[in-house]
Amino acid sequence: MTTHDLKAVEKPAVPRDDVLLRATDVTKHYTLRPDGFARHRRVLRAVDGVSLEVRAGETLGVVGESGCGKSTLGRCLVRLTELTGGRVEFDGRDISTLSARRLRPVRPGMQLVFQDPHASLNPRRRAGEIVAEPLLIHRYGNAAAVRRRVAELFDVVGLAAAHLDRYPHEFSGGQRQRIGIARALATAPKLIVADEPVSALDVSIQAQVLNLFADLQDEFALTYVFIAHDLGVVRHVSDRIAVMYLGEIVELAETEALYGAPSHPYTQALLSAVPDLDDGSAPTPARERVVLTGEVPSPADKPTGCPFRTRCPYARERCALERPPLTETAPGRWTACHYPLAAEPLSVLGTPPPATTPPGP
Ligand SMILES: Nc1ncnc2c1ncn2[C@@H]1O[C@H](COP(=O)(O)OP(=O)(O)OP(=O)(O)O)[C@@H](O)[C@H]1O
Ligand SMILES: [Mg+2]
């Protein structure tokens with residue numbers, strides 16, 4: 001994708017306290033069957049104590065390597081999976097404990113767009129039927145009203161009305177993702193959790209779909225949680241970014257602040273992997289590459305203390321002993337690190353950051 005293709009989207013300022021979605025200490029643990037090595041059931045900590053807020057009208061990007069819990073968190077946020085612990089408030093209401101019956105009227109307001117439109121669209125249904133499905137589930141109206149709404153949604157996402165009767169395999173990847181987006185929009189949601197919505201698309205198509213997301217956000221005042229596995233894609237769509245590692249948020253900051261000066265060593269390492277941009281934006285200062293060594297540990301066998309310490313070039317003794325809490329290290333910037341990187345000193349890459357202690361929790 002050339003970044004020239006991406007529109008610069010002006011976003012209205014969002015009042016700081018206008019929170020649409022609030023997650024508090026959300027956990028999702030899976031109990032694994034004992035295997036030959038472990039006699040006891042092991043617990044896989046897919047999401048392990050995530051707290052975040054998403055303001056109405058903003059886009060919160062969520063990034064991290066494969067397996068760090070992004071999809072699981074996304075599903076927790078829209079309650080497509082039961083939480084092990086913690087709570088999620090949507091539009092002022094605790095949805096984490098609502099019964100299925102009480103959840104039903106809340107569901108239309110929050111939708112998920114999936115990574116692989118090929119896998120998530122029923123191959124035996126026509127595109128028009130797929131988009132109509134949520135309308136029928138939520139009793140939108142009579143057949144004529146549903147047909148009108150589906151035609152409108154096709155138009156909104158840039159699909160031709162002539163294609164209403166086609167099957168998913170008759171569309172290109174980008175068009176299939178447009179069907180998925182139309183289906184998500186059908187119930188006029190306030191929140192869309194998009195789980196790697198462009199990762200499966202050809203690079204040349206990614207910008208078009210990202211622009212569609214931006215246009216729809218403006219048109220319908222949508223709030224997005226936008227999941228991606230690299231920092232390249234989310235930069236253009238996100239107001240703020242949460243960086244995840246082994247089920248935890250290790251850094252959360254305004255997008256440009258995060259790119260300008262990462263505070264967590266893991267963010268710094270992820271940024272090192274982002275190619276230079278050709279869109280005229282300021283280059284990422286972390287040009288000295290910080291290469292991640294070693295494998296991501298298993299979320300069923302998390303390191304003690306800081307989850308990142310086994311791969312962190314700056315880890316010290318304390319990092320193995322205490323789990324660093326996510327702390328506001330500068331206004332609007334949250335970091336879970338005992339020794340966060342200072343704002344400027346990218347010249348000190350490779351040497352340990354100053355041994356300052358962040359303010360306590
Ligand atoms: N139903 C399940 N049972 C057991 N483990 C699960 C289940 N679903 C997810 N996991 C595990 O939880 C962890 C987080 O998975 P998740 O799919 O949320 O990661 P992700 O960040 O979305 O990864 P990717 O970038 O590959 O999509 C992984 O270790 C995964 O194997
Ligand atoms: Mg995923």
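This is a predicted model: local features need pLDDT of at least 70, side-chain atom pairs count only at pLDDT 80 or more; totals for chains, interfaces and linings use all residues.
Residues are numbered from 1 along each chain as its sequence is written, chains are lettered from A and ligands numbered from 1 in the order in which they are written, and side-chain values use heavy atoms, with hydrogens and water left out.

Helix α1 spans residues 70-77 (helices are DSSP runs of H or I with at least four residues, strands runs of E with at least two, numbered from the N terminus). Six of its eight residues are buried, i.e. under 20% relative accessible area with a 1.4 Å probe and protein chains only. These are K70, T72, L73, G74, C76 and L77. Just past the helix, R79 has a positive phi of about 55°.

Ligand 1 has 13 residues around it, counting any with a heavy atom within 4 Å. S66, G67, K70, S71 and T72 come closest. As for polar contacts (pairs of N or O atoms within 3.5 Å), a backbone N or O atom of G67 sits 2.7 Å from a ligand 1 oxygen, and one of G69 sits 3.0 Å from a ligand 1 oxygen. E196 brings a polar side-chain atom to 3.4 Å from an oxygen of ligand 1. The protein covers 64% of the 640 Å² of accessible area that ligand 1 has on its own (Shrake-Rupley, 1.4 Å probe).

Terms used. Buried means under 20% relative accessible area, exposed over 50%, partly exposed in between (1.4 Å probe, protein chains only). A polar contact is a pair of N or O atoms within 3.5 Å; within protein, one must be able to donate a hydrogen and the other to accept it, and residues adjacent in sequence count only if both atoms are side-chain atoms.
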